Amino acid sequence: MTDRGTPLVEMRDISIAFGGIKAVDHVTIDLFPGEVVGLLGHNGAGKSTLIKCLSGAYHADAGDIFINGEKAVIANPRDARDYNIETIYQTLALADNLDAASNLFLGRELVTPMGLVDDVRMEAEARKIMARLNPNFRKFKVPVSALSGGQRQSVAIARAVYFNARILIMDEPTAALGPHETQMVAELIEELKRQGLGIFLIEHDIHNVMKLCDRASVMKNGQLVGTVNVNEVTDDDILGMIILGKTPEKVA
Amino acid sequence: MTQSTTSDKAGASGAASPHEGPVTRFLRATELDTRLIGMIGALLLIWIGFHAYGYFVNGFGAFLTPRNLWNLSVQTSSIGIMATGMVLVIVTRHIDLSVGSILGFCAIVMGMMQVYVLPKYLGLGHPLIWIIAVLSGLAIGTLVGAFHGWLIAYRGLLVWRGAAFLVARGETISPVDSTFALLGGGPYGAVGATGSWIVGLLACAGIVFMIFHGRSQRRKFEFPLRPVWAEVFLGIVGCGIVIGAVLLVNAYPWPKGIVKQYAERNAIDIPEGGLFISHGFAIPVLILIGVGIVMTFLMTRTRFGRYVFAIGGNPEAAELAGINTRWMTVKIFALMGFLTGLSSVVASARLNSATNALGTLDELYVIASAVIGGTSLGGGIGTIYGAIIGALVMQSLQTGMVLIGFDAAIQQVVVGSVLVLAVYLDKLYRSTSK
């Protein structure tokens, strides 16, 4: 992969254990600008755990993370944000009692010159970004607990997109969505790709993987089975990797 | 921000439905919190109920008199100040059972300072004594609170009561510095008629300014405006309440003995029929109002307040959003400690002494005030004004039952039942608003 220049992200030899369980065991993955890398595997394969090391929620026991070729220290979510890494969590990580704008800007509030939160400006900005992502979104005044699954999802996506991320982590972004909204997310991913973002996509639906991803890294029991170029393999090959932990012969 | 009222929902769903009744339309136009209206309704019901009971059963309605309401306002202050801090603690899904003990400890420290320590160095009656004493009390409260925040799981209930005992050897420390005593209220510890009018007019000016400012902000960002009649209505009601309060506190004259003492000291001749000197707002009440304004500002206009609500709504999400939740907890408990220290100033000044028992079981009243005022024990929801009204409700019940001569045992039953009812209503309210 070195012919493509410096990777945007390189997670090298990452290990993390909880008690005696090795959740992630010496895994190396990378991501280039304008690329979507799918992360696949069974539930409990270690995908989310691996990615949480990048977003700062967990701290790896061993291994290094390189951003643009430079060693990065990511001790908490604030550090990750400083590296322009944005994450859409599987749980969405929304504060249910706050409205959409407050969630969108949580931790990065717009403030007035006096240092006070500028709710009106944040709501105006939220209206702008939501008009782009989900034009049907109207409920700006209610807590997000009153929103539907799809609407909540769009708030979480808006949060990741608004702050000009360079690296986007999407943990099952379409799990709660209907077909129409899934299509909107797919279009969004295409658009972000064109803008040169690197995207890690954790996804269970093999059809979405084949459609959206450039490469796929498959994990099983905390270990990396292999990374393949999606256009060189069939969905059966990938399923074989997920279920049997077997790398297809032609790429291996 | 945390409101999830019907008015909000109606406002969010866009155009006015043609079928809505006048009440719904009124609520939507004024954007008033239904919960606030409910609390004020309950409060008025309690007041009128006790007055009527006294009037019909005992032949004298003592509740709705300037004297009782003035005293009620002073009694509410100590609990009210702490309740505003407890809102933050409960909103972030914690509970603080140590406030009563910290209050006692702060009071003892301040008492020791002004009775034994400072006079030795500064001389008795030195003007700095009360300032240093208050500052030391606030500092102690803040430090203890921060320490608790740091320990979080640790509860200092008995530790600080014990510490207070050690410091004072169980003695009652009295009398406190005379300036310090003013902070507790009483005839001299009030701002008088003119002062009250100044406070009242400032408050009215503030209300009018907020209405105009809010309108211009909404216009700037092209958000829907409230109808003019609703703005005028809010302005008139707000100013009306303020002016009513001023008239009320000014209608309560100093007792004859105090007037006589005052007249002798200032060489004033008391005219025929006595001299009418108004109490005006008591200083602790003004402290409570000031605390209420500052805390409301903190909760709704600063990042700190936003993070408090975010942590209450979803601690994990707050952490993932880059909020340092542990440091926030320390800050919240430190603030609670500071407010307890302040409350301790009011409580010990009012008694004119610091005793080891001061603040015993206050934590229950403080928590009850916050919960009655709409702070959800599940976290994430609560308002400062609600907690203050809650404190007023608790104190009204207490005072009312004393006035009509209920047994202490029944009083406790009633207070406990009200708390259970408040928790039940909170549960009901949240399940319907979701």
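1. In β10(A), Val228(A) is the bridge partner of Ala216(A), and strand β9 (residues 215–220) pairs with strand β10 (residues 223–229) of chain A in the antiparallel sense over six bridges; strands are DSSP runs of E of at least two residues, helices runs of H or I of at least four, both numbered from the N terminus, and two strands pair if DSSP finds at least two bridges between them. This is a predicted model, in which local features need pLDDT of at least 70 and side-chain atom pairs count only at pLDDT 80 or more, while totals for chains, interfaces and linings use all residues. Residues are numbered from 1 along each chain as its sequence is written, with chains lettered from A and ligands numbered from 1 in the order in which they are written.

2. The hairpin of β9(A) and β10(A) has two residues between the strands, and Asn221(A) takes a positive phi near 50 degrees there.

3. β9(A) also pairs with strand β3 (residues 36–40) of chain A, in the parallel sense over four bridges, where Leu40(A) has Val218(A) as its bridge partner.

4. Five of the six residues of β9(A) are buried (20 or more other C-beta atoms within 10 Å of the residue's own, with C-beta atoms placed from the backbone). In helix α17 of chain B, 16 of the 20 residues are buried, so α17(B) is largely enclosed by the rest of the structure.

5. The contact takes 30 residues from chain B and 27 residues from chain A, two residues being in contact if their C-beta atoms, placed from the backbone, lie within 7 Å.

Methods:
A residue is buried if 20 or more other C-beta atoms lie within 10 Å of its own, exposed if 12 or fewer, and partly exposed in between; C-beta atoms are placed from the backbone.
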